[in-house]
Amino acid sequence: MEKVTVFAPASIGNVSVGFDVLGAALSPIDGELLGDCVTAEAYAGDGCELVCKGRFVDKLPADPKKNIVYGCYEAFAVALAARGGEARPLRLTLEKHLPIGSGLGSSAASIVAAFAAINAFHGNPFDDDSILRLMGELEGSISGAVHYDNVAPCYLGGLQLMLERPGQISAGLPVFDEWYWVSAYPGITVSTAEARAILPKHYSRSDIVAHGRHIATFVHASYAGDRVLAAEALVDVVAEPYRKQLIPRFDTMKQAMVAEGALAVGISGSGPSIFAVAPTLPQAQRMEAWLKQHFLQNERGFAHICRIDTRGTRVVE
Ligand code: HSE
């Protein structure tokens, strides 16, 4: 193989009810590819040359060696060397379409696209589990803790529940095909590391019991096909009460979404993006319109009506 381009979709970490253990990949219904692309191609020099472009390229580090995609090449080369292999010199091109610090799994999309492209270029020496572990470790080096709730759905697609057992990082949950996931990025930045730092170090027993009950109910309802119960269980007692202060107009937005018939509303990952689950397309369209008019803070913000992306990361060229 001389050249491969890989697309990795945006994702919602936590999905309210599963802090660090539940995540969903997103696909706008208008066909837009909401995510990052990485191209890997043969390079005549040594090591890795990284070229960056795309709508959000201006927020990337000026020095390509400080870019997380460069870190993917280095981590891949070390992991391959540990197996007796040698990484080939590569030119990587990152097309950065997701805003950094958005809560849309932006760093995960770059990391996943990069590892998947580099792995494909080398003939896939790492299986899904091994490459996901490398992805999670690198994502953890940015946010301060290894968590797979963005990289796993981004790579595998669907709604993924983290198991983190030997040989299996995650398992896909059944999804309700009729739900629309309205996603909005207000245009401001929240760092995941900071959004993690403001969370309590300890939780009360009643919060722990409520959290366990909500996620167990959600998993049960997903398998039982009970969408009313599943939506009811999308409650966040771990992060939303503390993180919502980082998101302008969060409570007003939530009330407006519920007034339009949202089945659930929550913070996407560590924010500031949010998601609302709509039962019908007309309701999703009204929610998207409200968000565009009242929730976006500047011209960098955007909103999309999405479905769960069941394909995950894929080779596009
Ligand atoms: N589970 C992570 C967090 C997701 O909430 O910190 C970050 O996108």
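Modeller: The model is predicted. Glutamate 240 pairs with lysine 254 in a salt bridge whose closest N and O atoms are 2.7 Å apart. The two residues sit 14 residues apart, glutamate 240 in helix α8 (residues 240-243) and lysine 254 in helix α9 (residues 250-259), and the pair links these distant parts of the chain. Lysine 254, at 25% relative accessibility, counts as partly exposed.

A further salt bridge joins aspartate 251 to lysine 244, with 3.2 Å between the closest N and O atoms. Aspartate 251 is partly exposed at a relative accessible area of 42%, and lysine 244 is partly exposed at 30%.

The structure holds 12 salt bridges. Another of them is formed by lysine 96 and aspartate 36, with closest N and O atoms 2.4 Å apart.

Now the domains. The protein is divided into domain 1 (3-173) and domain 2 (180-308), with 24 Å between their centres, taken over C-alpha atoms. In contact are 40 residues of domain 1 and 44 residues of domain 2. Between them the domains bury about 3100 Å², 65% of it on carbon and sulfur atoms. On the side of domain 1, Ser16, Val17 and Phe19 lose the most area to domain 2, together 22% of what that side buries.

Across this interface the rule finds 2 salt bridges and 9 residue pairs in polar contact, both residues at pLDDT 80 or more. The elements of domain 1 that give two or more residues to the side touching domain 2 are β2 (11-13), β3 (22-28), α3 (128-143), β7 (159-165) and β8 (168-173). Of these, β3 gives the most, with 6 residues. By class, that side of domain 1 has 21 nonpolar, 13 polar and 6 charged residues.

Last, serine 183 is found in strand β9 (residues 180-185) and counts as buried at 3% relative accessibility. Leaving aside residues up to four places away in sequence, serine 183 touches Leu26, Leu104, Ile274, Phe275, Phe302, Ala303, His304 and Cys306.

Notes. Residues numbered from 1 in each chain as written. Predicted model: local features only at pLDDT ≥ 70, side-chain atom pairs only at ≥ 80, totals over all residues. Heavy atoms only, no water. Salt bridge = Lys/Arg side-chain N within 4 Å of Asp/Glu carboxyl O. Helix = DSSP H or I, 4+ residues; strand = E, 2+ residues; numbered from the N terminus. Buried < 20%, exposed > 50% of the residue type's maximum accessible area, 1.4 Å probe, protein only. Contact = heavy atoms within 4.5 Å. Domains from an automatic or database assignment. Buried area = accessible area lost by both parts, 1.4 Å probe. Polar contact = N/O pair within 3.5 Å; in protein donor to acceptor, adjacent residues only side chain to side chain. Nonpolar A, V, L, I, M, F, W, Y, C, P; charged D, E, K, R; others polar.
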